[in-house]
Amino acid sequence: MLWVKAFHIISMVCWFAGIFYLPRLFVYHAACEDEPGRERFKIMERKLYRGITMPAMIATVFFGVWLVSYSVSGYFSQGWFHVKLVLVALLIVYHFYCGHLVKVFRDDRNTRGHVFYRWFNEVPVFVLLAVVILAVVRPF
């Protein structure tokens, strides 16, 4: 179980690295005014999303389900775990919305400014704080 937990944490760290950096690329892409720069951001966003963030999200969920399988009734009997699952589900929605935004930028259809993406970039910070506190402290 400790190996599974270690791989769950490692994949979660990689997922959050991508989830933190991808919206930051959107900030710079939205502010970019030259064509070569925009094309460079399209490549960076695609590679980050497909090559790092998506595999890390899949691995995080895989190892998380594996961990839960060790004591399904035990986890589901605790309130903190239900809240954590809701937050993880919201993060998965955020993740796929980022994938949608990669396509929006790829197709030159972005209509939002860099300020929107600066705020959008902060959402996973709060999810991370809550999930870690819930998993470690288990307040209820």
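How many residues does helix 4 have, and how far does helix 4 reach from its first C-alpha to its last? The legends below take that helix as a guide through this predicted model.

**View 1. Helix 4 from end to end.** Helix 4 has 28 residues, and the distance from its first C-alpha to its last is 41 Å. That is close to the 40 Å expected at 1.5 Å a residue.

**View 2. The whole chain.** Stepping back for a moment, the chain holds six helices and zero strands. Read from the N terminus, the order of elements is therefore simply α-α-α-α-α-α. Along the principal axes, the C-alpha atoms fill a box of roughly 55 × 25 × 20 Å.

**View 3. Helix 1 beside helix 2.** Helix 1 (residues 2-31) and helix 2 have axes that come within 7 Å and cross at roughly 155 degrees. Helix 1 is therefore roughly antiparallel to helix 2. Their crossing is left-handed. Sorted by class, this contact has 22 nonpolar, seven polar and four charged residues.

**View 4. Helix 2 beside helix 4.** Here the axes of helix 2 (residues 35-69) and helix 4 (residues 79-106) come within 11 Å, crossing at roughly 160 degrees. With such an angle, helix 2 is roughly antiparallel to helix 4. The crossing of this pair is left-handed. On the helix 2 side you will find, among others, Lys-42, Glu-45, Arg-46, Tyr-49, Met-54 and Val-68. They belong to a contact whose helix 4 side includes Phe-81, Ile-92, His-95, Phe-96, Cys-98, Gly-99 and Arg-106. By class, the contact of helix 2 with helix 4 has eleven nonpolar, three polar and four charged residues.

**View 5. Helix 4 beside helix 6.** Helix 4 also meets helix 6 (residues 123-137), and the two axes come within 10 Å and cross at roughly 155 degrees. That angle makes helix 4 roughly antiparallel to helix 6. This crossing, too, is left-handed. Helix 4 brings Trp-80, Val-83, Lys-84, Leu-87, Leu-91 and Tyr-94 to the contact. Helix 6 answers with Val-123, Pro-124, Val-127, Ala-130, Val-131, Leu-134 and Ala-135. The residues of this contact divide into twelve nonpolar, no polar and one charged.

**View 6. Annotated spans on the model.** An unreviewed UniProt entry carries the annotation "transmembrane region" for residues 6-27, 48-68, 80-98 and 119-137. Which secondary structure does the model show over residues 6-27? That span is 100% helix and 0% strand, with its end C-alpha atoms 32 Å apart. Residues 80-98 are likewise 100% helix and 0% strand, and there the end C-alpha atoms lie 27 Å apart.

Key. Residues numbered from 1 in each chain as written. Predicted model: local features only at pLDDT ≥ 70, side-chain atom pairs only at ≥ 80, totals over all residues. Heavy atoms only, no water. Axes fitted to C-alpha atoms, helices over the stretch in contact; angles between N-to-C directions. Helix = DSSP H or I, 4+ residues; strand = E, 2+ residues; numbered from the N terminus. Parallel < 35°, antiparallel > 145°, perpendicular 65-115°, else oblique. Left-handed = near helix turned anticlockwise from the far one by under 90°. Contact = heavy atoms within 4.5 Å. Nonpolar A, V, L, I, M, F, W, Y, C, P; charged D, E, K, R; others polar. Expected span 1.5 Å × (residues − 1). UniProt positions renumbered as here; feature names shortened; annotations may be inferred.
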